[in-house]
Amino acid sequence: MRAVITVLGTDRVGIIAMVSTTLAEASVNILDITQTIMQNIFTMIMVVDIAQANISFEELGQRLNANGEALGLQIHLQREDIFNSMHRI
Amino acid sequence: MINQHEILETINMISHENLDIRTITLGISLADCAHPDMANLCQRIYDKVVRVANNLVRTSEDIEREYGIPIINKRIAVTPISLVAAPANGDYVKVALALDQAAAELGVNFIGGYSALVHKGYTLGDERLIASIPATLAATKRVCASVNVATTKAGINMDAVAQMGRVIRHSAELTAADGSIGCAKLVVFANAPEDNPFMAGAFHGVGEPESVLNVGVSGPGVIARTLQKLGPGANFTELAELIKKAAFKITRMGQLVGTETSRRLGVPFGVVDLSLAPTPAVGDSVALILEEMGLERCGAPGTTAALALLNDAVKKGGIMASSHVGGLSGSFIPVSEDAGMVAAVAAGALSLEKLEAMTCVCSVGLDMIAVPGDTPDYTISAIIADEVAIGMVNNKTTAVRIIPVIGKQAGDAVEFGGLLGQAVVMPVNRFSSQDFVARGGRIPAPIHSLRN
């Protein structure tokens, strides 16, 4: 199952490191990363495969949120279907 | 592959424009619960509701987390209790208490179906149920009642219309200490749909399966923001196109969440209700959309035309996004639940008569309207008669959810709390309709009801 992780916040050292470490610990594979600064906001979007994850979807979301909050970031973890459903016919 | 812009658009709709799934409503047939003994009947109803809806809230919460989309209300609709309780003699309030207890146990905020369909006349069950509505609304927190008094096929049952004026007044008096909130849980319908997921008018119709999941989406905030971005120079063709596209996206979300929830619950998926349902949250307002179209205030001349465009564009955008569409499917204009409507009433821009005109081109009717506490029952009945006549003649659903707030005068503010919002008491025409309502009988169905 694929999911989309969106990270929004102020740019600083270690954001990608934190997110990818959290994912690696959970055995979540990163399929795609795009990252940009939009209107001074750090914006990173990752597509990940959570099929082999060693923790539940809920727990992964909680870990990302907790680690994100420590760096002042807003992190969303959502199943990919919601974007496909909304933007593709 | 989904691009960055699309992902951020979705997240922005949810985080900043109040996009949400307004309600997931599980319809449950109680036909097999009927029993002549009241205690036995109540136990059977309680047991069945709790058994069938056991996983509703937990599953909805899982889906909220996984998709990152809020599901505001999880609700239950049951077979009209006037049918289920028909074999039992005694006080129907006991049935309502069983429903209330089941809803509390399951963690759902409303359970609908304390209902009777009397557009052509009353059964014994209908009589007992309607007589018990005021006591039920006062004794329960979560039970919603509805009565269908008219259809395009059958005409208007004016005896029922007259009685509902008295029932509404009595409900207001019994809950006077809480802003007459009992009336916020009671809807009088013409052409009531059998698969409506929205409260207070949801019930599980007799043509429905054993159980079914229906979804109501929201998103006035998304539409309003879309129009803001378009700016004042755009013409109505451009406006309608943009609303259709936004409605498509909103509805696809409802379709996805509905089908996934029904799959996990093992319950067939019913319909997506394509209604634009506002909330008291700032910006999540149908009035704001109308004002974005160029009206100084909702209620100004042009409001009905603006609403007609909005209502139609939402349906056109939504219909392709869902496999089956049903329920009420139209823009809601519940006054107290829409901060823009409340402001328009307070400013003197929006009157009861203008709202009545607006209901000709949208769903659902005169909804969540506070009127002075001394409004006579026959005036309430006559307001109902006008509104259901619009539904009957135009072959559409209309409804009245009106609250005579005991002790309040026109212009006073009333707080209902939560999603029910707050209202400003609206003035009502003071000329009498007493002799009109007292006639009783039935207003015949219109000629165009004969379509065969």
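**Conventions.** The expected span of a helix is taken as 1.5 Å times one less than its number of residues, and helices (H or I, at least four residues) and strands (E, at least two) are DSSP runs numbered from the N terminus. The model shown is predicted, so local features need pLDDT of at least 70 and side-chain atom pairs count only at pLDDT 80 or more, whereas totals for chains, interfaces and linings use all residues. Residues are numbered from 1 along each chain as its sequence is written, and chains are lettered from A and ligands numbered from 1 in the order in which they are written.

**View 1. Helix H5 of chain B.** Because 14 residues at 1.5 Å a residue should span 20 Å, the 20 Å between the end C-alpha atoms of helix H5 (residues 93–106) of chain B agrees with expectation. Among the buried residues of H5(B) are Val95(B), Leu99(B), Asp100(B) and Leu106(B), a residue being buried if 20 or more other C-beta atoms, placed from the backbone, lie within 10 Å of its own. Just after H5(B), Gly107(B) adopts a positive phi of about 80°.

**View 2. Leu99(B) and the largest nonpolar core.** A nonpolar core is a set of buried Ala, Val, Leu, Ile, Met, Phe, Trp, Tyr and Cys residues joined through C-beta atoms within 7 Å; the largest has 179 residues, and Leu99(B) and Val149(B) have the most contacts inside it. Helix H9 (residues 236–265) of chain B supplies the largest share of this core, 10 residues. Domain 1 (22–190) and domain 2 (217–440) of chain B both give residues to the core, so it lies between them; these domain bounds come from an automatic or database domain assignment. Leaving aside residues up to four places away in sequence, Leu99(B) touches Ile45(B), Val49(B), Ile111(B), Tyr114(B) and Val143(B), where contact requires C-beta atoms, placed from the backbone, within 7 Å.

**View 3. The two domains of chain B.** Taken over C-alpha atoms, the centres of domain 1 of chain B and domain 2 of chain B are 22 Å apart, and 40 residues of domain 1 are in contact with 41 residues of domain 2. On the side of domain 1 of chain B that touches domain 2 of chain B, H7(B) gives the most, with 11 residues.

**View 4. The contact between chains A and B.** This contact takes 17 residues from chain A and 15 residues from chain B. On the side of chain A that touches chain B, H3(A) gives the most, with seven residues.

Terms used:
Contact = placed C-beta atoms within 7 Å. Buried ≥ 20, exposed ≤ 12 C-beta atoms within 10 Å, placed from the backbone.
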